[in-house]
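Reader: I have not seen this structure before. Please take me through it in short questions and answers.

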There are 2 protein chains.
Amino acid sequence: MASVDRSLVEGLPLFAGLTPEQVDRMLQEAQSIRYAKGTNVFQHDEEAHSFFILLHGHLRVFKLTPDGQQVVVRFVAPGEVFGVAMAIGRTTYPATAQAVVDSIALVWPSAAWPRLVATHPGLAVNTLQTVGSRLQDAHTRVVEMSTEQVERRIAHALLRLAKQSGRKVEAGVQIDFPITRQDVAEMTGATLFTVSRVLSAWESQGLVAGGRQRMMIREPHKLFLLAEGLPD
Amino acid sequence: MASVDRSLVEGLPLFAGLTPEQVDRMLQEAQSIRYAKGTNVFQHDEEAHSFFILLHGHLRVFKLTPDGQQVVVRFVAPGEVFGVAMAIGRTTYPATAQAVVDSIALVWPSAAWPRLVATHPGLAVNTLQTVGSRLQDAHTRVVEMSTEQVERRIAHALLRLAKQSGRKVEAGVQIDFPITRQDVAEMTGATLFTVSRVLSAWESQGLVAGGRQRMMIREPHKLFLLAEGLPD
DNA sequence: CCAACTCTTTGCGCAAGATCAAGTACGGTC
DNA sequence: GACCGTACTTGATCTTGCGCAAAGAGTTGG
């Protein structure tokens with residue numbers, strides 16, 4: 001594989017505290033692979049052969065229930081580590097990662113992880129921070145699902161998307177990958193129908209905009225107030 | 001502080017891969033502290049001054065919403081590490097840990113963590129596994145809350161409690177710390193009333209038993225079928 | 001340009017659970 | 001042993017959001 005330009009990965013949290021030489025050495029072991037829109041980077045229950053850093057594009061990570069329902073765990077944005085199943089002590093992936101647009105990732109074989117960690121102890125520490133912050137997110141989501149009603153959950157989900165993958169434009173904050181109402185439903189534990197109704201209402205109030213697979217937040221602050229359940 | 005008997009902590013996941021001497025050295029830096037039933041080991045948003053291993057007792061870890069609702073994050077059983085806020089990159093605790101019975105924990109100052117990790121890289125790796133498996137749990141819970149109705153969520157919650165803190169007795173599996181219907185409600189995102197109704201129904205079917213703050217599963221397998229939504 | 005598809009909207013009826021309102025039983029204390 | 005507070009039960013009512021149906025609107029491709 002062609003070697004990877006270091007500038008692409010400098011400053012990534014995973015590599016914090018490593019010397020440029022160490023980073024170079026790690027990069028030499030990585031491949032860079034392209035995933036066409038709609039393809040799966042890995043699948044639920046598949047053997048965890050690799051771990052990744054997303055260089056370009058966006059992924060949708062979801063779980064499938066026995067009766068075929070999907071639940072979106074998160075979206076992966078460029079720069080993030082994903083598929084670290086091996087590091088957290090699993091032998092298979094706990095979810096499916098699917099490219100929502102054409103994407104490129106750096107790929108290491110999972111088998112290299114123990115050696116990499118032994119050589120660069122900082123890797124474990126950095127990964128611990130990453131996994132820890134995902135744990136925070138998951139708990140936040142549990143709290144929201146336990147105590148908030150749909151409208152506020154949807155508001156929180158959109159704000160999180162905006163924060164993670166929002167692009168500021170004149171008219172507001174644009175989510176910079178295609179996302180359906182169904183996706184939002186699967187992030188919030190609501191139905192497609194309910195999400196559609198809520199978004200329609202917000203659109204007519206000028207809070208958000210966006211048609212088919214497009215989502216833009218026009219009034220982030222008002223949406224925030226709504227998410228927190230504060231008076232208008 | 002009195003020195004801690006090594007037999008109490010041998011075989012704990014946190015210490016996996018450390019030599020007995022290394023464990024001894026770590027123990028010398030720990031205090032063992034007693035927490036009376038009902039007291040808080042640490043509180044939400046408090047500075048994360050320490051991290052812990054529970055030696056004896058049971059803790060209830062919960063978050064508080066702005067409007068005062070509690071959501072139970074998990075229960076801590078003896079042998080588990082908790083309060084590792086610092087390790088996952090926080091300066092404050094993200095939740096409150098409260099002793100549900102008189103409890104004893106080993107306590108290290110958070111400030112010692114970076115040095116301990118530098119000396120024993122295995123610590124970071126082990127903690128990563130622990131945090132990773134909590135992340136799994138949290139995601140499982142999100143999936144359950146998104147796709148299952150209350151009855152099945154309650155069944156899953158009880159099964160998880162039984163697995164983690166169940167004591168097998170002749171008549172079934174006894175949860176070996178006091179737990180209220182309110183607690184179960186706060187674990188499942190249901191109301192006290194709904195939980196009470198469901199448990200009453202199960203009790204009359206002989207599925208579970210237990211009165212005030214007592215919970216015992218008499219038919220684990222039937223409860224499992226119910227949790228998975230399988231026919232009788 | 002039309003066909004086929006996917007995504008989205010909207011209306012209507014219904015059910016799972018929440019909320020409210022009494023109560024009852026259990027344990028601990030003086 | 002009487003009292004008190006906390007946990008639990010049970011019933012009646014109300015609301016949120018789901019399920020389903022049907023149709024509208026972009027998108028892609030022949």
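Reader: What percentage of the residues in chain A are buried?

Author: The model is a predicted one. A residue counts as buried when its relative accessible area is under 20%. Among the 232 residues of chain A, the buried share is 52%.

Reader: How many helices and strands does chain A have?

Author: The secondary structure of chain A includes both kinds of element. The helices come to 7, and the strands come to 12.

Reader: Why is chain A said to be as compact as a globular protein of its length?

Author: For 232 residues the globule rule gives 17 Å. Chain A is close to that value, so it is as compact as a globular protein of that length. Along the principal axes, its C-alpha atoms fill a box of roughly 55 × 40 × 30 Å. The radius of gyration behind the comparison is 19 Å.

Reader: What share of the contacts in chain A with a separation of 6 or more is between residues 24 or more positions apart?

Author: A contact here means heavy atoms within 4.5 Å. Counting the contacts with a separation of 6 or more, the share from residues 24 or more positions apart is 70%.

Reader: How far apart are the centres of the positive and negative side chains in chain A?

Author: Chain A has 23 positive side chains and 23 negative ones. The centres of these two sets are separated by 3 Å.

Reader: Is Thr188(A) buried or exposed?

Author: Thr188(A) belongs to helix H5, which covers residues 181–188. Leaving out residues up to four places away in sequence, Thr188(A) touches Met145(A), Arg153(A), Ile154(A), Ala157(A) and Val195(A). The relative accessible area of Thr188(A) is 2%, and the cut-off for buried is under 20%. Thr188(A) is therefore buried.

Reader: What distance separates the C-alpha atoms of Ser200(A) and Met26(A)?

Author: Along the chain, Ser200(A) and Met26(A) are 174 residues apart. Between their C-alpha atoms the separation is 48 Å.

Terms used:
Residues are numbered from 1 along each chain as its sequence is written. Chains are lettered from A and ligands numbered from 1 in the order in which they are written. This is a predicted model: local features need pLDDT of at least 70, side-chain atom pairs count only at pLDDT 80 or more; totals for chains, interfaces and linings use all residues. Side-chain values use heavy atoms; hydrogens and water are left out. Helices (H or I, at least four residues) and strands (E, at least two) are DSSP runs, numbered from the N terminus. The radius of gyration is taken over C-alpha atoms; the globule rule is 2.2 Å times the number of residues to the power 0.38. Buried means under 20% relative accessible area, exposed over 50%, partly exposed in between (1.4 Å probe, protein chains only). Lys and Arg count as positive and Asp and Glu as negative; His and the chain ends are not counted. The place of a charge is taken as NZ of Lys, CZ of Arg, CG of Asp or CD of Glu.
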